[in-house]
Amino acid sequence: MLTCAAPAYLARHGKPKHPRELGHGRRECILFRDPTTGRPFSWEFHRGGRILRVPVSGQFTVNDLATGLSMCTDGFGIAQFFELGLDDLLRSGALVELFPNWAEERFPVYILHPSRHLPSARVRAFVDFLVASTRTKK
């Protein structure tokens, strides 16, 4: 999980130095709705086996990645995203990762296909892409 903001947001509000600076309404955060509970996901920061939970808030709660990315890159607030697929936005400078030392949270990815058949070339290419994209970079 990466915590990111647009340069425009950071120019207006400054770059936070620690995840605690996001808590209790001190920063505008873009929240993602948990489909199972209907409430926003809580924010956690992981480093060295330690978990820091920060109670964030914001005016905007979204339920899809495209809307969250658009709002974040347009400077509406700070958001947390899965690292997968963010490389171009980070490389281009459209998004800035705020706490690289607190980004150790990991989620498993599972791929299921019928066991009696070899995966198609498309599925195999997708699996290869995911494996290459999720290798530990740090």
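**Close-up views of a predicted model**

View 1. Strands are DSSP runs of E with at least two residues, helices are runs of H or I with at least four, and both are numbered from the N terminus. Two strands count as paired if DSSP finds at least two bridges between them. Residues are numbered from 1 along each chain as its sequence is written, and side-chain values use heavy atoms, without hydrogens and water. Local features need pLDDT of at least 70, and side-chain atom pairs count only at pLDDT 80 or more, while totals for chains, interfaces and linings use all residues.

**View 2. Strand 6 and its partners.** Strand 6 (residues 78–81) runs parallel to strand 2 (residues 29–32), joined by two bridges; here Cys29 stands opposite Ile78. Strand 1 (residues 2–5) runs antiparallel to strand 6, with three bridges, and Leu2 stands opposite Phe81. In a regular strand the side chains alternate between the two faces of the sheet. Both faces of strand 6 are covered: Ile78 and Gln80 are buried on one side, Ala79 and Phe81 on the other. Buried means under 20% relative accessible area, exposed over 50%, and partly exposed in between (1.4 Å probe, protein chains only).

**View 3. The largest nonpolar core.** A nonpolar core is a set of buried Ala, Val, Leu, Ile, Met, Phe, Trp, Tyr and Cys residues joined through side-chain atoms within 4.5 Å. The largest has 15 residues, of which Leu22, Trp43, Phe45, Val56 and Ile78 touch the most other members. Helix 1 (7–13), strand 2, strand 3 (43–47) and strand 4 (50–54) each supply at least two residues of this core. Apart from it lies another core of 13 residues, including Ala79, Phe81, Leu95 and Ala103.

**View 4. The hairpin of strand 3 and strand 4.** Strand 3 and strand 4 run antiparallel and are joined by five bridges. Within this pairing, His46 has Ile51 of strand 4 as its bridge partner. Two residues lie between the strands of the hairpin, where Gly48 takes a positive phi near 55 degrees.

**View 5. Phe126 in helix 4.** Phe126 belongs to helix 4 (residues 121–134). With a relative accessible area of 47%, Phe126 is partly exposed.
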